[in-house]
Amino acid sequence: MLLVYLKGVGPKRAELLQKELGMNTYGQLLNHYPFRYIDRTRFYKISELTPELPLVQVVGKILSKETIGEKHKKRIVAKFADETGIMDLVWFQSLKWVEENVLRGSTYIAFGKPNWFNNSFSISHPDLEAYPRKQGVTGNLTLQPIYHTTEKMKKSFLDSKGLQKLIQNIIELHINEVKETLPLYILEKYKLISKKEALIQIHFPANTQMLQHAERRLKFEELFFIQLQLLHNKQLRSLKFKGAPFNTVGDKVNTFYNKMLPFALTNAQKRVIKEIRIDTQRGSQMNRLVQGDVGSGKTVVALMSMLLANDNGHQACMMAPTEILARQHFQSLVDLLKGELVNVAILTGNTSKKQRILLHQQLENGEIDILVGTHALIEDKVKFKNLGLVVIDEQHRFGVEQRAKLWRKNVIPPHILVMTATPIPRTLAMTLYGDLDVSVIDELPVGRIPIETKHLFEGQRLRMFGFMKQEIAKGRQVYVVYPLIKESETLDLLHLEAGIEQLSHEFPLPNYQISIVHGQMPNTDKQYEMQRFIEGKTQIMVATTVIEVGVNVPNASVMIIENAERFGLSQLHQLRGRVGRGAEQSFCILMSGNKLSANSKLRLETMVKTNNGFEISEIDLQLRGPGDITGTQQSGVLELKMANLAKDQIILQEARNTVIQLFEQDPTLSNPENILLKNYLDKKNRGITFDKIS
Ligand code: ADP
Ligand code: MG
């Protein structure tokens with residue numbers, strides 16, 4: 001039903017609701033939930049008031065009422081008293097109404113913000129209610145809903161109160177038209193209240209308990225339908241895309257594992273490899289995300305998966321976001337394989353034309369088993385004989401589009417293994433990547449010396465320089481990272497320059513060499529400076545955050561982060577991950593100003609306290625909320641109305657489990673009790689073919 005027909009709306013307000021909140025229908029207004037509630041069960045005595053209190057309600061009697069002032073200063077002041085004291089109620093507008101309706105000698109509930117002025121409390125334009133309260137149709141109002149509105153709406157009396165009235169009208173007149181969206185058996189299993197009851201209680205809670213029931217029901221529903229869609233997509237994909245079954249663990253995997261692997265796999269690595277193994281045997285396409293902190297050993301997991309592809313007569317490729325990373329991966333693979341066993345090649349934007357022609361040939365005739373590279377891999381010219389597996393490292397930089405392009409490189413789309421070193425909290429992973437399978441390498445290889453992290457204040461800078469010199473004297477290398485944030489770019493660059501000047505003064509040539517890398521430099525210069533550091537020709541690398549994710553300089557053992565209070569937690573953790581890659585004890589020093597906000601302090605303390613990326617990501621989620629965390633374009637998924645991924649982990653897990661079970665028991669949703677869900681998906685996906693979903 002259109003809002004224009006609702007009692008109390010009319011054409012003008014209908015237009016306003018449309019313009020300001022984008023609402024046209026009863027349903028939309030009904031879904032405009034309060035963002036908070038005021039406890040109207042709590043009454044304050046006048047003697048209990050303090051100026052800091054937000055909105056309060058006081059029961060009292062009007063002792064007197066007088067009009068004072070002239071013209072625009074004209075106002076009515078009433079003396080309002082309870083047994084503990086006297087305060088003022090003040091009106092500047094609607095004086096005539098107040099004159100006629102606020103009666104001396106009557107008792108009211110006055111509601112509003114208490115102000116302290118001239119040694120007494122007052123409330124301006126209080127809400128007045130007769131005392132004792134009347135019983136309303138929507139129950140006795142105990143928690144008053146407060147709604148978001150806009151200035152324009154307020155001018156047409158669509159303030160929070162106004163909206164409350166309209167929503168009350170919908171509920172009183174039309175609530176029985178609301179249809180249940182979840183099957184009864186799910187409501188029963190999770191003890192959820194009905195949709196109808198939830199809507200009534202979310203707007204007009206009978207008490208706090210009922211409000212909690214309403215919230216739980218609406219959160220569950222919201223998360224449930226997201227999971228339903230995600231897991232439905234996953235199911236469609238696995239039906240549509242056959243994957244090459246990797247049935248054999250053959251010579252290549254075995255030889256590598258038994259004869260070449262220089263260390264024992266961690267249990268986490270073994271588990272993930274097993275998950276991949278099971279997944280690639282099924283005959284449908286694998287889409288798996290592997291999360292593992294920096295240094296958890298993802299490369300070898302990737303390699304063993306690629307060898308598995310090779311053992312089954314398929315080629316594999318591995319894609320990295322930058323040239324430097326692609327080269328490092330290539331080198332790691334060649335090292336691990338000692339140049340034997342399979343044929344590994346590299347293709348990047350810098351590969352010469354002549355080499356390219358050769359590569360293309362070797363790919364097409366199957367001579368190359370594993371190809372490592374950058375975006376250059378997804379160009380249409382690059383054709384494989386029989387591509388069976390694609391590994392994508394640091395996936396945040398690859399869009400869905402690019403992934404899809406890779407799938408077209410074979411008649412049967414290759415299995416996809418996405419690797420990320422940015423640990424994502426579980427709830428986010430379930431939502432953002434809910435249509436992928438997720439593996440977690442949550443264990444570092446044994447014997448790794450944990451990075452020692454210290455927080456120093458500006459006043460301790462000399463100590464920091466002393467420490468740098470000491471480490472450089474031992475032959476180590478040092479990163480010094482400065483923030484460079486778009487909004488304050490000019491200022492940041494000044495800081496960077498001042499920092500470099502101070503460093504060159506403390507660390508003079510020829511004993512010390514400094515590399516400098518920042519975003520404003522041409523790419524070739526960056527590469528050159530980077531290379532000098534990688535080769536150990538410079539001891540200090542001063543950089544802004546452009547410093548590459550995943551770059552591996554094992555000899556660099558000190559990470560100094562300037563203005564550390566300005567970085568987010570996950571960024572700090574990523575930066576710290578640049579060190580701790582060699583055999584030496586590594587250090588991370590967080591430099592900050594003396595004045596820290598509570599939030600910055602907690603971030604720095606967290607860094608000092610733990611090296612565990614998953615733990616850090618959970619704290620980050622609590623501090624920042626889900627919206628900011630991922631930096632992915634997919635954050636649309638995260639615009640949740642009710643649920644909060646930082647807080648509602650249990651409900652999310654329940655919702656997801658419910659959907660998983662649902663598809664296990666009734667994959668096509670043809671069971672009559674699931675008809676609501678089938679209809680939901682049909683409606684949502686109307687006109688969307690399998691092609692579009694993929
Ligand atoms: P990341 O997960 O950051 O990509 P890498 O795969 O680069 O980590 O591994 C980091 C280092 O740890 C490499 O030098 C690698 O050879 C080593 N490594 C990997 N797995 C193990 C293991 N199980 N035991 C010991 N060292 C390992
Ligand atoms: Mg890596």
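Residues are numbered from 1 along each chain as its sequence is written, and chains are lettered from A and ligands numbered from 1 in the order in which they are written. Because the model is predicted, local features need pLDDT of at least 70 and side-chain atom pairs count only at pLDDT 80 or more, while totals for chains, interfaces and linings use all residues; side-chain values use heavy atoms, with hydrogens and water left out.

I start with helix H10, residues 267–279. Helices here are DSSP runs of H or I with at least four residues, strands are runs of E with at least two, and both are numbered from the N terminus. The expected span of a helix is 1.5 Å times one less than its number of residues. For the 13 residues of H10 that gives 18 Å, and the end C-alpha atoms are 18 Å apart, so the two agree.

Which residues of H10 are buried? They are Ala268, Gln269, Val272, Ile273, Ile276 and Asp279. Buried means under 20% relative accessible area, exposed means over 50%, and partly exposed is in between, with a 1.4 Å probe and protein chains only. On the face turned away from the buried side are the exposed residues Asn267 and Lys274. The cover over the buried residues includes strand E10 (287–292), helix H11 (298–311), strand E15 (415–420) and strand E16 (437–441). Contact means heavy atoms within 4.5 Å.

Next, the strands. In a regular strand the side chains alternate between the two faces of the sheet. Strand E20, residues 540–544, has five of its five residues buried, so it is largely enclosed by the rest of the structure. Ile540, Val542 and Thr544 lie on one side, Met541 and Ala543 on the other, and both faces are covered. Two strands count as paired if DSSP finds at least two bridges between them. E20 pairs in the parallel sense with strand E18 (residues 477–482) over five bridges, and Val478 has Ile540 as its bridge partner there. Strand E19 (residues 514–517) also runs parallel to E20, joined by four bridges, with Ile516 opposite Val542.

Strand E9, residues 143–146, sends Leu143 and Pro145 one way and Gln144 and Ile146 the other, and all are buried. Its pairing with strand E1 (residues 36–39) is antiparallel, over four bridges. Ile38 stands opposite Gln144.

Now the aromatic pairs. Rings of Phe, Tyr and Trp (its six-membered ring) pair if their centres lie within 6.5 Å; planes under 30 degrees apart are stacked, over 60 edge-to-face, and the rest tilted. How many aromatic pairs does this rule give? The count is nine. In one of them, Phe467 and Phe587 have ring centres 4.9 Å apart and planes at 85 degrees, so the pair is edge-to-face. This pair links distant parts of the chain, with Phe467 in helix H16 (residues 461–473) and Phe587 in strand E22 (residues 587–592), 120 residues apart. Phe467 is buried at 18% relative accessible area, and Phe587 is buried at 15%. Phe507 and Tyr512 also make an edge-to-face pair, 4.9 Å centre to centre with 85 degrees between the planes. Phe507 is buried at 2%, and Tyr512 counts as buried at 16%. Ring pairs also link Tyr190, Phe220, Phe224, Phe225 and Tyr680 into a cluster.

A charge sits over a ring if NZ of Lys or CZ of Arg is within 6 Å of the ring centre and within 35 degrees of the ring normal. The charged end of Arg42 sits over the ring of Tyr44, 4.0 Å from its centre. Lys641 lies over the face of Tyr33, 5.1 Å from the ring centre.

Ser557 is in strand E21 (residues 556–561) and is buried, with a relative accessible area of 1%. Beyond its neighbours within four places in sequence, Ser557 is in contact with Glu471, Arg476, Gln477, Val579, Gln585, Ser586 and Phe587. Tyr185 is in helix H6 (residues 184–189). Is Tyr185 buried or partly exposed? Tyr185 is partly exposed, at 28%. Tyr185 and Asn674 are 489 residues apart in sequence and 9.5 Å apart in space, C-alpha to C-alpha. Leaving aside neighbours within four places, Tyr185 is in contact with Leu662, Glu673 and Asn674.
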